[in-house]
Amino acid sequence: MKMQGGGCMWELLSGDKVIGKFDGAEFTALNDALLPYELLYYGDIQDWLRKRSIDLHRTNSRLLRKALRLTGCDEIECVMSVHAATITDNYWVREQGSALEHKQIKFSSDFFSELSLSGRFLEYDFDDVSCITRKHTPELTNTGSYEKCWRLKDGSWVMTKSGTPKELFSELLVYYLGEACGFDMARYRIVDGYIETDDFTGGIYNFDPMYGVVLEEEDYINNWNALCKTDQTFGLCRQFLDIIYLDSLVFNIDRHTFNYGILRDKETGSAVRMAPNFDNNLSLISRGYGKDPCKSSPMLIDMFGSLLRNTGFKYNQPWIDDSKLRELITRATEEFVDSSIDREYVFEFLRHRQNLLSGVIS
């Protein structure tokens, strides 16, 4: 399914509801309430399609596209080959006049998961016609720079992602820390040397990344203001504070507008809540240990404090006492089964940053 330069009209759907149409870069909205935020606010259908594509520079992405006979295709062509469908929302496209229904293009196979995750392809018979006909794979719209895949387990989708030992440990511990703080967290676990998490939309919600609201603007205050306009109850804003509080605690420098966002009701398009906190593998000790755990950069902490001062919002800091902190570090280390983790360094690092946060919150 390749989008032509012109002469062919396409429909954008939410489930089986037509919500827009486009020809090339010309997009016409038909149902504002159900539109993805990026199309509602900016109307750039080409950018929206490109942003749904697998990273073409990932090594296993090249192997996958070779297996699917998509070598040489650009992002939009890759996306259109699977009707622009993803696991985490129910948006998709079809040619105008097509009788296709959403149930016909929903993903039902993880056939290429191993190739996408590890690059292993010895078990695949690429001369087998049945292999090529399974090209309707969620991997072509599995975004991000790390090697990963979607797997079906007991009828539900789970994301499995690779990483270095320090990245995997950091992702796991941040999940435990967020849970201890009472935050809404994507649940992570170590499985066969990879880290795994469930599809947090559960097939019920549409995940709309914050990019659709503010593009690449990462400034905390601008994001806060945008969320306040989206939700007058301040529920989204409070949940946003939880996300950046945890970022500040664990020094997650990789928060960007594609790894946080809003869960929306599939039927009405209304914002329900912020998506669970996910994608924390570039935090804590992911890039190694510093010389002194009590001398890490205060940049994110200062930014968090500045947001509180500018908004006047009273934030109730969750507190993890020393014994609980040690317990969580031990739990993550034992589940990860890596004796090289310097538990004392991690403990001092987190205790120090928690105290610094207390200073900017009070």
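F207 and F278 are both buried in this predicted model. For F207 the relative accessible area is 9%, which is under the 20% limit, so the residue counts as buried. The ring centres of F207 and F278 lie 5.8 Å apart with the planes at 80°; because an angle over 60 degrees counts as edge-to-face, the pair falls in that class.

In total the structure holds 18 aromatic pairs, two of which are tabulated here.

| Aromatic pair | Centre to centre | Angle between planes |
|---|---|---|
| F207 and F278 | 5.8 Å | 80° |

Elsewhere, one aromatic cluster is made up of F183, Y245, F304 and Y315.

Strand β9 is part of an open sheet of three strands, ordered β9-β10-β11 with antiparallel pairing. β9 (205-209) and β11 (271-274) are the edge strands, each pairing on one side only. On average, neighbouring strands in this sheet are turned by 30° against each other, direction ignored. Three bridges connect β10 (residues 261-265) with β11 in the antiparallel sense, and I262 stands opposite M274 in β11. Helix α11 (residues 235-250) packs on the sheet and touches β10 and β11. The direction of α11 makes about 20° with that of β11.

Charged side chains also meet aromatic rings. The charged end of R264 sits over the ring of Y37, 3.9 Å from its centre. For K161, the charged end sits over the ring of Y146, at 5.9 Å from the ring centre.

How values were computed. Residues numbered from 1 in each chain as written. Predicted model: local features only at pLDDT ≥ 70, side-chain atom pairs only at ≥ 80, totals over all residues. Heavy atoms only, no water. Pairing = 2+ DSSP bridges. Helix = DSSP H or I, 4+ residues; strand = E, 2+ residues; numbered from the N terminus. Axes fitted to C-alpha atoms, helices over the stretch in contact; angles between N-to-C directions. Contact = heavy atoms within 4.5 Å. Phe/Tyr/Trp six-rings, centres within 6.5 Å; stacked < 30°, edge-to-face > 60°. Buried < 20%, exposed > 50% of the residue type's maximum accessible area, 1.4 Å probe, protein only. Lys NZ or Arg CZ within 6 Å of the ring centre and 35° of its normal.
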